[in-house]
Amino acid sequence: MKNRVFLIHGWEGRPDGHWFPWLALELRARGWEVNAPQMPHSAEPKVGEWLKFLREYVGKPNQHTYFVGHSIGCQTILRFLENLPADKKVGGATFVAGWFTLMNLETDEEKEIAKPWLETPIDFDKVKQHTKKFFAVFSDDDGVVPQENKKLFGERLGAKTAMEHAKGHFSGSDEGKELPVILEAILSQ
């Protein structure tokens with residue numbers, strides 16, 4: 001059966017932004033089915049809306065189903081996994097600039113949008129029922145994701161983690177168009 005991957009962008013993101021096109025091209029060249037949906041209302045992401053959308057978009061996941069998320073897309077993947085039936089298994093999940101804590105939210109609107117994502121608990125035992133293969137990468141100069149998140153992903157998920165140098169939030173002017181550490185992580189899961 002062919003491996004399929006779902007690339008879930010972040011807040012105000014797009015499936016054709018950042019390093020997603022490069023990763024999609026690399027995985028397709030290796031025979032993967034790549035799915036990169038435009039998440040609804042990305043300027044104002046809502047937990048329930050994004051979770052419902054992803055559930056409908058993915059359909060029935062299996063051990064050949066993988067996920068890659070960026071920023072709030074990581075939160076969406078975790079909540080998706082948490083809500084799967086207990087007997088469902090997936091191949092793995094890879095997180096880029098994922099977070100459980102944030103810093104430097106500047107406007108009241110940003111704080112209001114982030115609040116439910118930060119305050120709605122995630123049952124990590126349920127998440128881990130569906131795969132043991134988690135990888136998370138962070139940057140040592142991310143302006144919104146504190147470095148403590150690297151430790152939290154390790155503790156809460158048993159994730160393998162990596163710290164990149166000077167990649168910012170892996171988006172916008174921070175980014176490179178390629179992210180080899182992610183490709184390697186996916187292919188080794």
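Predicted model: local features only at pLDDT ≥ 70, side-chain atom pairs only at ≥ 80, totals over all residues.
Entry on Lys151 and Glu155. I find a salt bridge between these two side chains, with the closest N and O atoms 3.6 Å apart. That falls within the 4 Å cut-off, so the pair counts as a salt bridge. I place both residues in helix H6, which covers residues 148-157. They sit four residues apart there, or about one turn of the helix.

Entry on Lys52 and Glu56. I find a salt bridge here too, and its closest N and O atoms are 2.8 Å apart. I located the two residues in helix H2 (residues 47-58), where a spacing of four residues separates them by about one helical turn. I then checked accessibility for each partner. Lys52 has 47% relative accessibility and is partly exposed, while Glu56 has a relative accessible area of 55% and is exposed.

Entry on Arg30 and Glu26. I note a salt bridge between Arg30 and Glu26, with 2.8 Å between the closest N and O atoms. Arg30 is partly exposed at a relative accessible area of 43%. Glu26 is also partly exposed, at 22%. Buried would require a value under 20%, so Glu26 at 22% is not classed as buried.

Entry on the count. How many salt bridges does a search of the whole structure find? I get five. My notes cover some of them, including Arg30 with Glu26, Lys52 with Glu56 and Lys151 with Glu155.

Terms used: Residues numbered from 1 in each chain as written. Heavy atoms only, no water. Buried < 20%, exposed > 50% of the residue type's maximum accessible area, 1.4 Å probe, protein only.
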